Structure formats: structure tokens, C-alpha cells
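The sequence and model are shown first.

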Amino acid sequence: MGAAYNTGLSVAKGSYIHIIDGDNYLDEDFLAVMLDSIKQYDCDVAMCDYYLDRYAAGRYKRIGYLRYKPDFMPNKTELARKAFDLYTALILQSPCNKLYRAEIIKNQRFDEDRAYTLVVDSDFNVRLLGKLNSAATLGKPLVHYVQYDPAFRKQITLNWQYRYDSSAVHCEVRMKRLFQNYYRNTGGVFSDKLNIRLNNYFVGRFLKIAQILALDPLLSREAKLREFRRFKTVFQSVLKDGEATHPPYKILTCLIQKEQLKLLKLIYFSLGLCADYFPQLIKMTKAR
């Protein structure tokens with residue numbers, strides 16, 4: 001994917017650049033609205049919100065949104081204050097919801113290392129933060145991010161090699177390091193409070209990967225234990241930067257380090273049930 005993006009960047013002409021994945025699509029007025037925003041604020045990049053669409057049986061269905069408030073970040077300091085908020089809101093990661101000034105990204109390249117394919121777009125935009133002088137968010141969805149039905153996604157994942165340490169885990173480590181480097185080079189913004197927030201967020205991401213691993217029905221217990229030990233080695237190196245402060249994170253982290261797979265599976269299974277059924281129960285209660 002990185003190589004395809006780079007090929008496009010190398011031949012792109014004009015004053016502005018937009019990058020779109022082949023399985024996503026845009027509202028008809030995307031370019032006009034985004035261009036108006038860049039000109040209005042005289043900024044380096046404009047970012048819009050997302051529609052979340054589900055594709056199944058040849059049809060698209062709206063299932064939600066990714067939203068962020070309208071905002072203007074007129075300088076590097078203000079952008080640094082908001083950068084992690086944009087990331088946790090999933091607005092910063094993809095190039096698909098952005099219109100860039102060409103001179104800002106023309107010489108920037110996507111990483112072509114296949115080990116980091118999962119975060120190739122996030123990696124690009126976080127590295128780009130250091131070059132940006134200003135940015136604007138529209139607070140309006142103009143891009144349709146397409147998710148596929150579970151059966152189709154399962155068919156794809158069956159072809160993947162189960163190596164959690166060399167894919168998702170290392171990708172999250174990379175993103176954490178990129179943010180740390182970015183904030184170290186942005187004076188006066190990286191506080192203890194932000195560092196704790198950064199640690200909690202990425203520990204949460206690692207714990208989510210651990211959940212996928214613990215509940216994976218395709219792996220034997222021996223294979224899971226092997227993967228957990230690989231996972232644990234990477235995880236422990238990350239925890240050296242600072243412990244998570246959320247009590248549930250502390251409990252799960254301790255269980256991972258002690259390789260308590262049965263208890264982890266039980267906890268993660270219970271959490272999954274809560275996530276699936278509590279929202280429905282709340283809706284039923286409100287309906288009454």
C-alpha cells in the first residue's frame with residue numbers, strides 16, 4: 001500500500017493533493033468544501049469527518065460516524081495541543097479525509113515496509129505533524145469509510161499469518177514512539193498529564209490486541225501461549241515508559257505478565273458480552 005501511495009505522490013501535479021483508498025468513496029462536494037476550508041483559513045491541511053458504511057450483499061448501509069468538532073489550529077503549538085485528540089478521535093490517521101497543500105507532502109513518503117502495513121497511513125500523518133504549520137477541521141462528514149460484513153472479513157483474515165508480535169503489536173509500539181518523538185520536539189506542550197494519557201491510550205490498544213489473541217478460536221492453547229510470550233516481551237518494553245494508571249488496565253497487564261490465559265479469556269469474554277448487550281439493554285429501558 002505504501003508503494004502505491006508513493007507512486008501517486010511522485011506523479012501528482014497541482015497545488016493540492018488528496019489521497020483516497022479504492023474501497024472508500026466521497027461526497028460529490030468533497031473537493032469544493034475542503035478547498036474552501038483551506039483557502040478560508042490559509043492552512044496546510046483540511047480534515048473532515050467520516051461516514052461509517054457497511055458493505056454487504058452488494059449494498060452500502062450507513063452504520064455511524066467518526067466526528068470531531070470544527071476547529072482551527074493556526075500554529076505548531078496549537079496543533080500540538082490538539083494532535084493527540086485528533087488521533088484518539090480517529091480523525092488524524094487516514095489521508096482519505098484530508099486535502100493537503102502539495103508543497104507540504106510532495107517530498108514526504110509513506111513507509112513501504114510491509115511489517116507496518118496496518119499503520120502505513122497513521123505513520124505518514126503523525127510524521128507529517130512536524131512539518132505542518134496550521135490545520136483546520138470541518139466538523140462535517142464528507143468521506144465514506146467502508147467496513148465489510150463479518151463473513152467477508154473472516155475470509156480475508158483466514159489468509160493472514162498469526163504473528164501478533166510482528167504486526168499489530170509492533171505497529172502500536174511504532175505509533176507510540178512517533179508521538180513521543182513529535183512531542184519531544186514541540187517545546188512546552190508535552191506535560192506529565194499528556195504523558196500519562198499517552199501511556200494509558202497505548203496500553204489500552206495493546207490490551208485490545210491481547211483480547212483478540214485470547215479469544216481467537218483458530219489458535220490452540222499452545223499457539224496462544226507462544227504468541228502471548230512474544231507479545232509479553234514487546235509489552236514489557238513499552239511499560240518501561242510508564243505504567244498505566246487505569247485500575248482495570250493494571251489488572252489485565254498483571255495477568256498478561258503472569259500468563260494467566262484462562263482468567264484473561266474469561267474476563268475478555270465477559271467484557272465482550274457487556275459491550276454487545278448493555279447498549280441494547282439501555283435502549284430497551286429507554287423505550288419503556
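At roughly what angle do the axes of helix α3 and helix α8 cross? In this predicted model, the axes of α3 (residues 76-88) and α8 (residues 192-214) cross at roughly 15° and come within 12 Å. Angles under 35 degrees count as roughly parallel, so α3 is roughly parallel to α8. The crossing of the two helices, α3 and α8, is left-handed.

The α3 side of the contact consists of F84, D85, Y87 and T88, which meet L194, R197, L198, Y201 and F202 in α8. By residue class, the contact of α3 with α8 divides into 6 nonpolar, 1 polar and 2 charged residues.

**Aromatic pairs**

How many aromatic pairs does the structure hold? The number is 18. Among them is the pair of F179 and Y183, whose ring centres are 6.1 Å apart. Their planes lie at 20°, so this pair is stacked. Both residues belong to helix α7 (residues 165-184), where F179 and Y183 are 4 residues apart and therefore separated by about one helical turn. Y183 also forms an aromatic pair with Y182, and this pair is tilted, with 5.0 Å from centre to centre and 55° between the planes.

Are F179, Y182 and Y183 buried or exposed? Buried means under 20% relative accessible area. F179, at 0% relative accessibility, counts as buried. Y183 counts as buried at 1%, and Y182 counts as buried at 9%. The table lists these values together with that of R101, a residue taken up below.

| Residue | Relative accessibility | Class |
|---|---|---|
| F179 | 0% | buried |
| Y183 | 1% | buried |
| Y182 | 9% | buried |
| R101 | 14% | buried |

Which residues form one aromatic cluster with F179, Y182 and Y183? The cluster also includes F84, Y87, Y201 and F202. F84 and Y87 are among the α3 residues in the contact with α8, and Y201 and F202 are among those on the α8 side.

**R101**

R101 is placed in strand β6 (residues 98-101). At 14% relative accessibility, R101 counts as buried because the value is under 20%. Leaving aside residues up to four places away in sequence, R101 touches S15, Y16, I38, D42, C43 and D44. R101 and L35 are 66 residues apart in sequence, while their C-alpha atoms are 9.7 Å apart in space.

Conventions
Residues numbered from 1 in each chain as written. Predicted model: local features only at pLDDT ≥ 70, side-chain atom pairs only at ≥ 80, totals over all residues. Heavy atoms only, no water. Axes fitted to C-alpha atoms, helices over the stretch in contact; angles between N-to-C directions. Parallel < 35°, antiparallel > 145°, perpendicular 65-115°, else oblique. Left-handed = near helix turned anticlockwise from the far one by under 90°. Contact = heavy atoms within 4.5 Å. Nonpolar A, V, L, I, M, F, W, Y, C, P; charged D, E, K, R; others polar. Phe/Tyr/Trp six-rings, centres within 6.5 Å; stacked < 30°, edge-to-face > 60°. Buried < 20%, exposed > 50% of the residue type's maximum accessible area, 1.4 Å probe, protein only.
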